[in-house]
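Visitor: I am new to this one and would like to look at it step by step. Please show it to me.

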Amino acid sequence: MRSRLLPICALAALAGQSAAVQESSGGDVWIDLELPVGFHLDLASGEVTSRSPSLPSGVLSYANGRLESTPRLAVWERVGAERTSTRVARGGGTTAKEPAPVPGTELLFDVGPDVWGYLRVLAADEDALTLEYARAGRVGEGRALLEREPAQVLVEHVGGQLTLTWPASEAGAEYEIRRAVIGPGGQAAEVVARGVRGGEWTDPDSPSGVVVEYRVARTDGGRAFGARARGAHVVQPGDWPMALDSGMFLNVITGEIGGESSHLEVIYAKPPYLNVRPLGGTKIAAIGVRRGDAWLLPEAGGGRYDDRRHAIKAGADVALHLPEGIYVRLRATVAEDGRVMVRRQFDLSGDRRLPATPELPEIRWTGSSVVFEFPGLGGSVAEREAVSLVVERELGYQVGDWEELTIGRPGTRTCEVEVPGVGHVIARYRFRHRFPWGSLSFATEPLRVLHGDVGDPAEVERLLDRAFEGLLAPDFDERLAARGVLTALGDAAWPRLREALTSEEAELAAAAADLLLSSSEGMAGNVEVVLRARAEIEGVTGDPPAGWCDAEPDRRALALLGSWGQSRDALEEERLRAWTRVLVLADPDPIVGSLARLQLEQASDGVQRRGVGVPYALLPADRRPVAPAVDWRALFERRPDPFEVAGVVRASLDLGDPRAALVQLEVAYALERLSPREAANLGEYEMALRLVEQYRERGADVLLEAAEEYLPSPGARLRALAELADRRLSTGVLDTEDLGRRRIVFEGDSLDALGILLDDLFRSEVQDVDVVLPAGTYAVDGGATQAWIDVRVPGLRLLALTGEVELLGGVRLTNVRDVVLEGLRIRNPAGTALYMLSGSSAVVEDCVLVGRDTTVQLQESRLELDRAELTPPMSPAAPLRSARSNTWSVRMTGRSLLFARDSLITSGSIQPSDESLVYIERSVVRSGARNVLQGQRRGALVVRDSLLASDAGGVYGMETALFEGVVIDVKTYPLGQGSARILVCPEHVILPDASAEFDRPGYLEACPLDD
């Protein structure tokens, strides 16, 4: 609360002490005055007094956020042309019982018969009002109008100085100029110039870093009150995108970074978020994405604004109320290079009305000009009739410099602009709304406009001819404009662009491919067209493998990895190599090209499926292979051949215990690769195997960890994990009917009924049963948003019969083994799609999982993904590549295990626990705004033949990690920080954006598969 020391006596001169008082010979008065709570304004004289009101004329008081006046005030709501009116008419406005004391409110008072005037609220808080007061001539004047002279003042920052311009009403008119500093540490208005003529004046010493207000009025006997305008030295224009980084301090008005005064501190800037702290009395309020173009920002007060830290997401806006009394809209975006950018929109007058960005117009070509017809406006009558349209055209094509062409008349929705001379075939335009008092909207996105009749086939052919000539022009700007013409023509240009793909002019062929692939409307078809054209040039015949021409690059990458994982004969492998070379040369995404090159380089070592059939989890207990007990001491005492021992190890595998089986397989691979000299000493392998046996008897995890200490070979671990995943997911049994499993076909599409069936099966102690779901969408009865299917039946297989089966709810497993989910789409809008608790195990095959914040949660559980998709909670039509999801794909607690094979994981980061093992094979993991994998301290990760991508970082917080045949496409620290032991194949790991910040050790001496 502000403190004021005011005398008890009448303060007849209070207004004169604190404001600029101007009184002309005609009797007009124009002042600023302060009306504290408990004081009274004599409307007839403009005097503020502390005495109880006993005046016969009008009195205005302010208390408890309310105005009290005798007589009543009239609210002046200007519309249309009146918004810029220089005349205030007596008797105008609408009488209001209790007008709101909101800054910008304009009021008329009439204390007759000869005294009336105008008020505008400049500022309001709980202690006082600041008012602009203008009174018409005194008794006998008979004045019916108050006129502003000048009507309006414009302040511009030019050449490091503030320049004022205004329309002079007549030649020789003289003006007085006063200047005040607004905001904290402000200064009262003082005369800085007199006798100014000509309607223009430059302030030679305006202070920088602050907002100044100028008041301009006639000094030579005019009867009007003057105009005011505010200005500031601007380092960056408001609409100019500014890149912000952590630790910066921003003056929102001037755009200065790190100056003497700042309104915001940038705590951190991490795409897509900007986190800021208000400074020095600045208040901030979130207004979100949808309200970002609201005409009226929220009013300060009422709890909307505060001075706490705020996170601003790209695409959203916040409103600021600055200590200078100014309202600002701040908009955050993410640039193509990943930096967080902000734009500012404000009006130095402090008006909360900031115009919205126009919707894009319809375009009409007249032969010599372009007509833009804009949709009608919503909002209030005042806004619809006061706002003008501003048309800007780019100076050169895609150069980023703009000129203002025209400003439409207020209220009109059509603008026409003349086109430059012959040869100016294309230009980019953008549009703004402008209020008469100076507020500009953000500009629209640039709109590409062809200067020609695209409905005339002959004209289109002429444009095509010129554009194809321009593609080979020596001048870069001409080539750029030619590309713009072809892009604007769209479908009409495609036939000739497709022909150009095989042109002998390499530059023309490259430009044609780039143009075809830049079209979002035809991306899918054009990817195939471009790849086939390149194949023709390379002499590659036949069709590309399935999925290699998908519009989405992540799906192309997954199809590529899956194709290389299939068993094949020599002829098929040659075809695969040929088409992979095409991807290297012509895929529109360089990351897919890198992955294709990697597959060619390590084709002989790439992991492939070794078998087919149903997963091991579907085998009933009596059909699972029994692991015979082996006396390892006796075996090793007779000094066997290492290959013999490896065979015994494989024959004694228990696939039901993946961790123990993994260690045994590592031993088998290590034994098979022993040199004759090394084969004489097998003691370490004997000890590892005996520790595995003790683990099986006692169940102590530390025994397995001790066994792994005897197996330092990363190559053995890679091979063992690949074989283990393959044997668990492909048993050789082709049909569950061969296994004698029970089969139930469910009827209906209710999740409630499905849950009842599963509960009945559990209570009946049924095991190893297939529940088949007909096509349809399964929802909760009554439309509830929170839904779960609880699975407690061991060996349950839940699968689709035919068509698409979608479960609108999560699947929860509690202490249940060997559950198989197959061919389902599980979408839980309210939470997790798959929740596994207390030692559960499951296989997810050919399923799509969609959750809200976390897609899959594992607690002391084991999950195997095969041909699965974990996708963000977004529209299926939206491109996965652009998803900046902040969800988790998989979160793991306790001793959990995750195998992912041939899977697309794009719903966020993977978070292993301290004791987790994660194996990723032939998969694509894209984590959006999070790190690809965020460990806690310990845990093991192995990634083979996969793509890892993120807008943030790579792998963090793992005790061990091993990479072979991997492309890691991340913004920072591809192999993270805080990971104790990173092992990287020096030949088959590609880090496209690796920078000097990755200098940690970890590269192996050779490919681990060479040992």
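**A helix, a sheet and some charged pairs**

Guide: Keep in mind that this is a predicted model. Helix α6 covers residues 506-517, and at 1.5 Å a residue its twelve residues should span 16 Å. Its end C-alpha atoms are 17 Å apart, which agrees.

Visitor: In the open sheet of three strands, which are the edge strands?

Guide: The order of the sheet is β30-β31-β34, with antiparallel pairing. An edge strand pairs on one side only, and this holds for β30 (362-365) and β34 (414-418).

Visitor: How many bridges join strand β31 to β34?

Guide: Strand β31 takes in residues 369-373 and runs antiparallel to β34. Ser-369 stands opposite Glu-418 in β34. The number of bridges joining β31 to β34 is five.

Visitor: How many residues apart in sequence are the parts that Arg-717 and Glu-666 tie together?

Guide: Arg-717 and Glu-666 form a salt bridge, with their closest N and O atoms 2.8 Å apart. Arg-717 belongs to helix α16 (residues 714-729) and Glu-666 to helix α13 (residues 658-672), so the pair ties together parts that are 51 residues apart in sequence.

Visitor: Is Glu-708 buried or partly exposed?

Guide: Glu-708 also forms a salt bridge with Arg-717, the closest N and O atoms being 3.8 Å apart. Arg-717 has 16% relative accessibility and therefore counts as buried. Glu-708, at 31% relative accessibility, counts as partly exposed.

Visitor: What is the relative accessible area of Asp-726?

Guide: Asp-726 forms a salt bridge with Arg-901, the closest N and O atoms being 3.0 Å apart. Arg-901 is buried, at a relative accessible area of 3%. Asp-726 is buried too, and its relative accessible area is 5%.

Key: Residues numbered from 1 in each chain as written. Predicted model: local features only at pLDDT ≥ 70, side-chain atom pairs only at ≥ 80, totals over all residues. Heavy atoms only, no water. Pairing = 2+ DSSP bridges. Helix = DSSP H or I, 4+ residues; strand = E, 2+ residues; numbered from the N terminus. Expected span 1.5 Å × (residues − 1). Salt bridge = Lys/Arg side-chain N within 4 Å of Asp/Glu carboxyl O. Buried < 20%, exposed > 50% of the residue type's maximum accessible area, 1.4 Å probe, protein only.
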